[in-house]
Amino acid sequence: MTDRPASMAPLAIYRRLLRYSLAHWRLFLVAVVGMVLFAVSETAFAWLMKPLLDGSFVERDPTIIRWMPPLVLGLFLLRGAAAFVSDYYMADVGQRVIKTIRTELFDHFLRLPSSFYDRNASGQLLSSLTFNVDQVANAATQAVTVMIRDSIKVVGFMALMFYLNAKLAVFAVLVSPLIAVLIRWISGRFRRISTRIQHSMGELTGASEEMIKGQRLAKVFGAQDHESQRFDRVNERNRQLLMKRALTQAASNPVIQIIAAIPMAGIVYVATNDSISGAMTPGAFAAFLGAMVGLLNPLKQLTTVNATLQRGIAAAASIFALLGVDAEPDSGQQPLGRAKGAVCFERVRFAYDPAKGEVLKGIDLAIEPGQTIALVGRSGSGKTSLVNLLPRFYESQAGRILVDGVDIRDYRLADLRRQIAVVGQEVVLFNDSVAANIAYGEDPAQVIERVEAAARAAHAWEFIEKLPQGLWTPVGQQGVLLSGGQRQRLAIARALFKDAPILILDEATSALDTEAERHIQAAFETLMQDRTTLVIAHRLSTVTRADSIVVMQDGQIVEQGSHARLLANNGPYAELYRLQFREMEATG
Ligand SMILES: Nc1ncnc2c1ncn2[C@@H]1O[C@H](COP(=O)(O)OP(=O)(O)OP(=O)(O)O)[C@@H](O)[C@H]1O
Ligand SMILES: [Mg+2]
C-alpha cells in the first residue's frame, strides 16, 4: 500500500508523545487511580438509588435509613477527592510535558542554521512554540483522561444495567449507538466552527499586531481609516463566528437531552410493560434510569475523543517536524584557543539557493593578522554574504575559508565563533540593562569593571553616565529608549567586551550628525586596533584608513588596493568613489 508510511506516522508520533508522558509515570499513575475512583464512585452512586428507594422508602429498613446519609456523603467525598486528584495530577503531567517540549524546541531553534530562518516566518515559529505545544499537551491529557475515566464509566454503568435487568439493558444497548451517532453529528458541527474561530482569531491578532508595529507608518501615511476598516471587517467576522458557536453551544445540550428522552421514554414504556415490570422494584428502576442518564456523557466524550486526539497529533506532527530539522553542521574536532587572525578565502563560491544562481562567484582574498580590509561595492554585490560565511552563518558550496591556515569547517563551531565579533548594520539589543547588553552572555555584575572599560573605549560612557540608573538602565525593547547613535556605540562596546581577534563590521548607512559621527568613528578606531577587521564601508574615512580596499561587483572581487592606487586606476572604485563617497568628503 502506498499510504503506509503516512499511516505509520501518527502511530510513531503517538509513541513519541507517550514517551514524554511516561517520564512522569508516577504522577500519571496517581492521576489514573483518581480517574478509576471517580468512575467507580459515579457508578456506585447510580447503584445507591436502589437501596435508597427500596430500603428507605418502601421497606423502611432502619439500618439502611441510618446508613444512607453518611453513605451519600462518603460517596460524594470520594468522588470529589478523586476528581481533584485526577485533574490536578493530569494537569501536572501535561504542564511538565509542555515545559519539556518547549525547552527542547527553544534549544533546537538556537542551533538551527540561518537559512532555516530565511525560509520560515517568525510568527509561525513563535506560534509553534506557544500555541501548538499547548494544543499537543491539552489534547493528549484530555484524550487520556477520557479514554480511561469514561471507558470505565461506560463499563460500570452497563454492568449495573445488566445486573438490574438484563432484558431492559439489551434494549438500552441497542438504542445507544443511535444516540451516539446523533451526539457525534452535533459535536462535529461544533468542531468545524471552532477551527474557523481559531483562524479568525489569528487574523484578529495579525491585523492588530501589524497596526501596533506600524503605528508610525499608519499615522504618517494617514492610513488610520484604512487600518480601522480592515480591523473592523476581521472583528465583525470574528463576532459572527463566535455567535454561531454560542448558538451551537446553547442549543447542543438541550438538543442532546431531547434526543436522549426518546429512548428514555421507550425504556419507561418497556419497563412498565407487564412481563418485565413485575421483576423490577421502584429502586431498581430508578437506578437503571440513573445509569442510563449517566452513560450519556461518557458516550459523548468517547465519540469525540478521536477528534481531540487527531487535533493533538496534527499539532505534534508540526512540532516534531521542526525538531527534525537538521541543526547547524558542527563536525570539526580542532580546538582553537585564541586565533592570530589570519583569514583566507580560496575560490569560494556560494548560493543561497542553487536554483537562483550564485551570489559569490569565486572569491580569493587573503588577510594578514591585524589588517583592516574595507569591502566596498554596489548594493547587492555580495558584501554581506561574503562576511556571513566567516562565522559559518551559511556554508559555501565550493572553495574553502581558512582561519590561521585551517579550514573553518575543521574547528569546533563554538571555538570558531569565539574568535569573531560582529557589529551589524542594524543593532540588536535585548530588553535588559545597558550592562547586560554589553556583557551579553555573561553575568554583568561579575564583570562590571570590564563592562565599564568597554563602554568608555566605545565612547558610550558619556551618555551612559547621564542615564538615570547608569549601566543598570533598561534599554527597552529593541533598545527603543536609546538613539540610533547610542545603540550603535553599545554594539561597539559589546564587540570590545568580547575582545575577539577577528572583527566584522557592517557600517550603518544612515547619516548621523557630526558630533555622533565623530564619537562613533573614534569608537570604531579603538575597536579595529590589533584586530583583523573586515569592514563593509560606507564612510570615506574608513575606506581611506583601511590597509586594503576590496571592490566587489556582482559576486566577484574586481579590484583591490589602496585608496590612492585604486583612484589612479580609474576603474570601478573610482566610479564608486565619485557616486558614493565624494559628497562625504565635502561634508566630513
Ligand atoms: N538571506 C538571503 N536569501 C536569499 N538571497 C539573499 C539573502 N541575502 C541576500 N541575498 C541575495 O544575495 C545577493 C547579495 O546580497 P548581499 O546582502 O550580500 O549584498 P550587499 O553587497 O551586502 O548589499 P548592501 O550593500 O545593499 O547591503 C543579493 O542579490 C540578495 O538578493
Ligand atoms: Mg549588506
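Which residue in S5 is the bridge partner of Val 403?

1. The partner of Val 403 in S5 is Val 406. This is a predicted model, in which local features need pLDDT of at least 70 and side-chain atom pairs count only at pLDDT 80 or more, while totals for chains, interfaces and linings use all residues. Residues are numbered from 1 along each chain as its sequence is written, and chains are lettered from A and ligands numbered from 1 in the order in which they are written.

2. Strand S4 (residues 398-403) and S5 run antiparallel and are joined by 2 bridges, where strands (E, at least two residues) and helices (H or I, at least four) are DSSP runs numbered from the N terminus, and two strands pair if DSSP finds at least two bridges between them. The open sheet has 4 strands, ordered S2-S1-S4-S5, with antiparallel pairing. Strand S2 (360-367) and strand S5 (406-407) are at the edges with a single partner strand each, so one side of each lacks a neighbour in the sheet.

3. Helix H2 (residues 25-58) and helix H10 (residues 282-324) have axes that come within 7 Å and cross at roughly 160 degrees, the axes being lines fitted to C-alpha atoms over the stretch in contact, with angles from 0 to 180 degrees between N-to-C directions. H2 is therefore roughly antiparallel to H10, a term for angles over 145 degrees.

4. The residues around ligand 1 (C-beta atom, placed from the backbone, within 6 Å) include Asp 118, Tyr 352 and Lys 383. Helix H11 (residues 383-389) supplies the largest share of this shell, 3 residues.

Technical notes: Parallel < 35°, antiparallel > 145°, perpendicular 65-115°, else oblique.
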